[in-house]
Amino acid sequence: MVKKIPMRMCIVCHKMEDKRDLIRIIKTKEGEYLLDTTLKANGRGAYICKDPECFAKLMKTKGLNRAFKENIPNEIYEKIQGEYDKYYKN
């Protein structure tokens, strides 16, 4: 029996990819936004490609506002940018 591969869509470029090949950004019950490096944390999630161009476009167009249907402050985007740089920038 072949195991099903979970697919998710990038909120920036709308490409369907394997869940493990994407970056997950979550909103916790407390209202905190984080990069979920384990892909298992509790909270509402949005996925983006690991491609630096997709991440830059997310920051420029404020794509998380659409994904989470609320206005997200610039401080949150800066925090997520710092986490992205720490884990994914080479």
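What share of the contacts in the protein with a separation of 6 or more is accounted for by residues 24 or more positions apart? Such residues account for 47% of these contacts, a contact being defined by heavy atoms within 4.5 Å. The structure is a predicted model, in which local features need pLDDT of at least 70 and side-chain atom pairs count only at pLDDT 80 or more, while totals for chains, interfaces and linings use all residues. Residues are numbered from 1 along each chain as its sequence is written, and side-chain values use heavy atoms, with hydrogens and water left out.

The secondary structure comprises 3 helices and 5 strands. Here helices (H or I, at least four residues) and strands (E, at least two) are DSSP runs, numbered from the N terminus. Read from the N terminus on, the elements follow the order β-β-β-β-β-α-α-α. The radius of gyration of the protein is 13 Å, close to the 12 Å that the globule rule gives for 90 residues, so the protein is as compact as a globular protein of that length. That radius is taken over C-alpha atoms, and the rule is 2.2 Å times the number of residues to the power 0.38. Along its principal axes, the C-alpha trace spans about 45 × 30 × 25 Å. Of the 90 residues, 33% are buried; buried means under 20% relative accessible area, exposed over 50%, and partly exposed in between (1.4 Å probe, protein chains only).

The sheet comes next. An open sheet is formed by 3 strands in the order β4-β3-β5, with antiparallel pairing; two strands pair if DSSP finds at least two bridges between them. Its edge strands are β4 and β5 (44-49), each of which pairs on one side only. From one strand to the next, the twist averages 30°, where axes are lines fitted to C-alpha atoms, for helices over the stretch in contact, and angles run from 0 to 180 degrees between N-to-C directions. Strands of a sheet pair through backbone hydrogen bonds, either parallel or antiparallel.

The two pairings can be followed residue by residue. β3 and β5 pair in the antiparallel sense over 6 bridges, and K27 stands opposite R44 in β5. The antiparallel pairing of β3 with β4 is made over 4 bridges, and R24 faces D36 in β4. β3 and β4 also form a hairpin with 5 residues between them, and G31 in the turn has a positive phi of about 90°. T28 lies in the loop between these two strands, β3 and β4. T28 is buried, with a relative accessible area of 14%. Apart from neighbours within four places in sequence, T28 is in contact with L34 and N42.

The loops that link the helices deserve a separate look. Most residues other than glycine have a negative phi, and most peptide bonds are trans. K62, in the loop between α1 and α2, has a positive phi of about 55° although it is not a glycine. K62 is partly exposed, with a relative accessible area of 28%. K69, in the loop between α2 and α3, likewise has a positive phi of about 55° without being a glycine. K69 is exposed, at a relative accessible area of 74%.

Within helix α2 is R66, which counts as exposed at 52% relative accessibility. Not counting residues up to four places away in sequence, R66 touches I11 and T61. R66 and I11 are 55 residues apart along the chain, and their C-alpha atoms are separated by 8.8 Å.
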